[in-house]
Amino acid sequence: MSHERFLSRAAAAMQPSPIRQMGAVAAQRADVISFAPGYPGPDAFAWEAYRTIADRVLARRDRDLLQYGPTRGYPPLIDALQTLHAARDITAERDEILVTTGSQQGLDLVSRTLIDPGDVVLVELPSYTGAILAFRNAQAALVGIRQEADGIDLTDLDRTLHDLRSKGRRVKFLYVVPNFQNPTGLLMSLAKRRALLAWAMREQVLIVEDDPYGALYFDDAAKASETRSIKADDPDGWVIYLSSLSKTLAPAFRTAWVVASPTLAMRMELAKQATDLCTGNFDQRLVLEAIRDGVLESRLPTLREYYRTKRVVMEEALRAEIGDAVRWPAPRGGFFLWASLAPPLDAPTLLPFALNQGVTFVVGHAFFIDHGGGPFMRLAFSLPTHDQIREGVRRLGAAVREAQASAAVSPARET
Ligand SMILES: Cc1ncc(COP(=O)(O)O)c(C=O)c1O
């Protein structure tokens with residue numbers, strides 16, 4: 001019996017995450033080196049600290065520890081997040097904060113709370129796939145805005161908004177990842193951040209600012225001050241801010257949060273009640289202790305150096321192996337290198353050759369809502385070891401040469 005006919009229209013239209021699909025391909029073959037997932041390196045986790053904290057927390061035998069908790073989040077963790085915000089110059093009252101099960105849930109709750117089917121959501125070209133999926137699941141109409149080297153193209157943004165409005169379309173919000181964007185690694189300039197906030201106020205459009213990578217700037221390429229959030233300059237609630245501890249503590253804690261006006265935060269809380277009742281209580285307490293013990297703060301310089309070094313290893317390997325065939329903007333922080341292939345080669349053509357050589361990446365078009373992105377590959381340098389990065393890029397080089405050779409002899413290419 002086929003159960004397809006029972007599906008809701010929304011479920012029938014749901015698409016799998018291309019990144020997770022690539023991960024599944026890599027998982028089938030132990031010999032494949034994967035530049036696909038944006039996972040933190042496991043040797044960057046504070047294993048010993050978490051063991052001590054878990055022991056300590058369990059030893060207390062607190063009756064509530066393994067219970068359900070408030071949907072809003074564990075109140076002492078919310079207090080700690082306020083302190084964390086102060087360091088980021090963000091002022092948020094308790095009723096403006098909602099702890100979420102990963103920022104991915106935050107994106108889902110934002111979608112459930114703000115999007116009616118057909119509402120327009122503006123996204124950068126390219127943009128984070130997980131956000132695209134969440135907005136699409138809520139049946140948003142996605143419209144792309146071009147990016148420049150210093151972030152979103154403000155002229156394209158203005159032109160697109162006015163064009164949409166002239167056609168009577170309702171634009172709900174703009175989604176941006178200003179710090180070391182997934183997938184491009186780009187850092188939006190401070191001037192553009194200020195201009196975006198002014199644009200939101202002038203045009204009465206909300207901004208959804210997603211910031212999981214802001215603390216991971218590379219000391220040789222960016223300063224902390226350059227990662228200042230748009231939210232930090234927003235006294236009136238035009239910005240919905242999301243952040244996560246997945247990339248700095250560990251994704252397994254699934255602990256992230258949203259800052260929004262009290263009205264929106266309350267509605268998201270209602271949506272969350274129907275989704276998972278609450279974020280894991282045990283996880284939140286481990287995270288709280290990790291913050292209180294200074295694990296987060298004290299490890300950040302080490303993490304920045306850890307990922308900066310991996311970026312250097314990947315860039316050196318790329319220059320040595322395929323410097324003539326790819327170009328990329330130097331990542332100034334985060335997990336990703338966004339490489340474009342010299343024509344006529346494109347990423348979907350290269351991918352089977354790469355898999356055959358035992359290396360994988362995410363093809364650019366996974367991040368474009370307009371089917372663009374053919375020349376691009378997202379290479380995540382965060383998870384593999386230095387040796388794996390070198391070997392993976394060597395394999396990528398071999399794949400590029402094979403693909404180029406086959407394109408050169410292919411009759412289709414000759415015409
Ligand atoms: C831009 C962006 N937003 C959100 C997420 C989801 O993170 P979390 O682990 O907090 O759900 C990711 C994860 O890769 C991301 O890159």
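**Exercise 1. Find which residues T100 is in contact with, leaving aside its neighbours within four places in sequence.**

*Solution.* Keep in mind that this is a predicted model.

Step 1. Click on T100 and look for heavy atoms within 4.5 Å, since that is what contact means here. Skip the neighbours within four places in sequence, and you get Q105, G106, L109, R254, T255, A256, W257, V258, K272 and T279.

Step 2. Now place T100 itself: it belongs to strand β2, which covers residues 97-101.

Step 3. Is T100 buried or exposed? Its relative accessibility is 0%, so T100 counts as buried.

Step 4. Check the side chain for a polar partner. One of its polar atoms lies 2.9 Å from the backbone oxygen of G102.

**Exercise 2. Take T255, which is on the contact list of T100, and describe its surroundings.**

*Solution.* 

Step 1. Start with the element: T255 sits in strand β9, and this strand runs over residues 255-259.

Step 2. Next, the accessibility. Buried means under 20% relative accessible area. T255 has 3% relative accessibility, so it counts as buried.

Step 3. Look at the polar end of the side chain. A polar atom there is 2.8 Å from the backbone oxygen of F253.

Step 4. T255 touches L77, V99, T100, G102, S244, L245, S246, D283, Q284 and V287. You'll spot T100 in there, so the contact can be read from either end, given that contact means heavy atoms within 4.5 Å.

**Exercise 3. Work out where W257 sits and which side chain it has a polar contact with.**

*Solution.* 

Step 1. W257 is another residue on the contact list of T100, and its place is in strand β9.

Step 2. With 1% relative accessibility, W257 counts as buried.

Step 3. Follow the side chain to its partner: W257 and H85 are joined by a polar contact of 2.7 Å between their side chains.

Step 4. For a sense of scale, pick A354. It is 97 residues from W257 in sequence, and the two C-alpha atoms are 37 Å apart in space.

**Exercise 4. Describe how the protein surrounds the ligand.**

*Solution.* 

Step 1. Count the residues around the ligand. There are 13, and the closest are S103, D210, Y213, S244 and S246.

Step 2. For S103, a backbone N or O atom lies 2.7 Å from a ligand oxygen.

Step 3. How much of the ligand does the protein cover? On its own, the ligand has 400 Å² of accessible area, and the protein covers 93% of that.

Step 4. Finally, name the space: the ligand takes up the largest pocket.

**Exercise 5. Locate two cis peptide bonds and two residues with a positive phi that are not glycines.**

*Solution.* 

Step 1. Go to L125 and P126. The peptide bond between them is cis, with omega near 0°. P126 lies in the loop between β3 (120-125) and α6 (129-137).

Step 2. Move on to N182 and P183, which are also joined by a cis peptide bond, this one with omega of about 25°. P183 is in the loop between β6 (171-176) and α8 (190-203).

Step 3. Stay in the loop between β6 and α8, where F180 is found too. F180 isn't a glycine, yet its phi is positive, about 55°. Its relative accessible area is 0%, so F180 is buried.

Step 4. Now try L277, in the loop between α9 (262-273) and α10 (281-292). Here phi is about 65°, again positive in a residue that is not a glycine. L277 is partly exposed, with a relative accessible area of 46%.

**Exercise 6. Say where F282 is found and what it is in contact with.**

*Solution.* 

Step 1. F282 is part of helix α10.

Step 2. Its relative accessible area is 28%, so F282 is partly exposed.

Step 3. Leave out the neighbours within four places in sequence, and its contacts are V57, L58, L65 and L66.

Notes: Residues are numbered from 1 along each chain as its sequence is written. This is a predicted model: local features need pLDDT of at least 70, side-chain atom pairs count only at pLDDT 80 or more; totals for chains, interfaces and linings use all residues. Side-chain values use heavy atoms; hydrogens and water are left out. Helices (H or I, at least four residues) and strands (E, at least two) are DSSP runs, numbered from the N terminus. Buried means under 20% relative accessible area, exposed over 50%, partly exposed in between (1.4 Å probe, protein chains only). A polar contact is a pair of N or O atoms within 3.5 Å; within protein, one must be able to donate a hydrogen and the other to accept it, and residues adjacent in sequence count only if both atoms are side-chain atoms. A residue is near a molecule or strand if one of its heavy atoms lies within 4 Å of it. Accessible areas come from the Shrake-Rupley method with a 1.4 Å probe; for residues, only the protein chains shown count as cover. On a 1 Å grid over the protein atoms alone, a cavity is a set of points where a 1.4 Å probe fits but cannot get out, and a pocket is an open set with protein on both sides within 12 Å along at least five of seven lines; lining residues have an atom within 4 Å of a point. A molecule sits in a cavity or pocket if more than half of its atoms lie within 2 Å of its grid points.
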